[in-house]
Amino acid sequence: MKRVDDAGHEWEEAEVEAAIKEIVAALTPGGTSGALKRATRLEADLGWDKWYKLKVVKPVKKRLHETLEDNVVLYEVKTVGDLVNYLWSRMDEPGPVP
Amino acid sequence: MVVVLLVAAAPQAQAQRRWGVEIGHSYSSAKALHQPATFTLNVADSVTTDIQGGVLVGGPIGSSASLEFGLRALAGSARSKAESEYGAIVRGYAALGEWVGALSGEYEADGGFDVQKGVLGAEVTPLGEMRWCLGVRCARSRLQWRPWLGVGVGNSFRGARELAAPEGRTFVRVYLRGEVSWVPREGVELNLEATGWYLARGSEGRTNTTASMAVDLWKGVSMTTKVQVGCPPPRFVYARSLSVGLGFVLRRDGEAAALGSADSR
């Protein structure tokens with residue numbers, strides 16, 4: 001089932017996951033999206049510190065057109081999967097076609 | 001000779017979804033919280049104790065700011081009153097574009113509470129930069145660091161002027177703090193926090209460094225070496241210590257971390 005971002009673009013959850021993995025990989029030294037799992041921990045596995053996690057906010061806004069709350073990223077997003085779930089939960093289900 | 005062990009506590013915040021608790025060497029930085037909080041009992045010549053620890057409770061305020069409350073202590077009968085210190089802090093953070101800013105109010109006291117200071121502080125750090133290992137561990141060097149630039153304005157509200165030296169009754173201090181972490185291989189972590197202060201009254205400088213190396217042995221049980229050298233506030237009296245031993249701790253997200261020590265000050 002597709003959902004819609006704030007710019008009106010439709011996304012499958014798998015597409016969101018792929019986009020998130022590419023964003024995370026681009027922010028990780030030596031990182032590749034293929035090596036990332038949903039269970040990959042941003043701090044323990046990728047070596048990000050608490051504040052570095054906020055680096056995802058801008059590319060997510062640019063590519064997936066969603067604005068993430070800083071404190072959710074800081075305190076609740078521990079893994080790649082958390083980020084995918086958070087972003088997916090922010091997207092809207094498509095409304096009825098007029 | 002010396003020794004006996006210690007330590008460490010295991011904070012858990014699973015029940016509180018967004019607020020968490022961390023225990024480590026001090027609340028001063030993330031890497032200081034990665035260093036062990038230790039209680040050391042020395043039974044060599046006479047029974048002495050050494051306590052080095054801090055606790056930090058923090059969580060979100062609204063959608064983009066967060067608040068922390070912390071306590072710390074360098075204390076115990078192995079330290080003189082001048083070498084001992086206690087502190088408590090309230091600190092708020094907010095992301096400001098590519099920067100993070102913090103405002104804080106801190107209480108500082110020496111071991112005998114002969115000198116007590118209140119400090120209002122502001123500090124900033126960049127979010128991070130991949131190519132400089134700033135905030136993120138580099139793939140090859142396994143190194144990660146973070147700088148903080150801050151300024152504190154304070155008042156020494158208890159203690160003789162000479163005890164409050166080199167800062168005096170009212171003071172301004174500018175500081176640069178660096179946190180460095182190195183993971184040479186899986187299960188081994190070195191953490192260092194170094195701070196340099198410029199004390200406006202008298203145009204003097206002071207530094208303090210704490211470092212630890214933890215080798216993970218089994219599910220968070222680690223062999224840890226810990227060093228502290230320098231002149232920390234409020235008295236800025238030179239002190240140094242070296243601790244080696246076993247320890248254990250759990251962080252709020254359930255990840256095991258190294259902690260602990262036995263003393264050879």
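Visitor: How many bridges join S3(B) to strand S4 (residues 65–75) of chain B?
Guide: This is a predicted model: local features need pLDDT of at least 70, side-chain atom pairs count only at pLDDT 80 or more, and totals for chains, interfaces and linings use all residues. Residues are numbered from 1 along each chain as its sequence is written, while chains are lettered from A and ligands numbered from 1 in the order in which they are written. Helices (H or I, at least four residues) and strands (E, at least two) are DSSP runs numbered from the N terminus, and two strands pair if DSSP finds at least two bridges between them. S3(B) and S4(B) run antiparallel, and the number of bridges joining them is 11.

Visitor: Which residue in the turn between S3(B) and S4(B) has a positive phi?
Guide: The two strands form a hairpin, with 3 residues between them. Phi is about 70° at one turn residue, B:Gly62.

Visitor: Which residue in S4(B) is the bridge partner of B:Val57?
Guide: Strand S1 (residues 20–24) of chain B is joined to S3 (residues 48–61) by 5 antiparallel bridges. There, B:Val57 in S3(B) stands opposite B:Val21. In S4(B), the partner of B:Val57 is B:Phe69.

Visitor: How many bridges join S8(B) to strand S9 (residues 170–185) of chain B?
Guide: S8 (residues 143–158) of chain B also pairs with S7 (residues 116–126), antiparallel over 9 bridges. In that pair, B:Lys117 stands opposite B:Ser156. With S9(B), B:Asn155 has B:Thr170 as its bridge partner. S8(B) and S9(B) run antiparallel, and their bridges number 13.

Visitor: Is B:Cys133 buried or exposed?
Guide: B:Cys133 is in the loop between S7 and S8 of chain B. Its phi is positive, about 60°, although it is not a glycine. A residue is buried with 20 or more other C-beta atoms (placed from the backbone) within 10 Å of its own, exposed with 12 or fewer, and partly exposed in between. B:Cys133 has 23 C-beta neighbours inside 10 Å, so it counts as buried.

Visitor: What is the handedness of the crossing of H1(A) and H2(A)?
Guide: The axes of H1 (residues 13–26) and H2 (residues 57–64) of chain A come within 10 Å and cross at roughly 140°. Axes are lines fitted to C-alpha atoms, for helices over the stretch in contact, with angles from 0 to 180 degrees between N-to-C directions. A crossing is left-handed if the near helix is turned anticlockwise from the far one by less than a right angle, and right-handed if clockwise. This crossing is right-handed.

Visitor: How many C-beta neighbours inside 10 Å does A:Glu15 have?
Guide: A:Glu15 lies in helix H1 of chain A. Its C-alpha atom is separated by 15 Å from that of A:Lys61, 46 residues apart along the chain. A:Glu15 counts as partly exposed because its C-beta neighbours inside 10 Å number 14.
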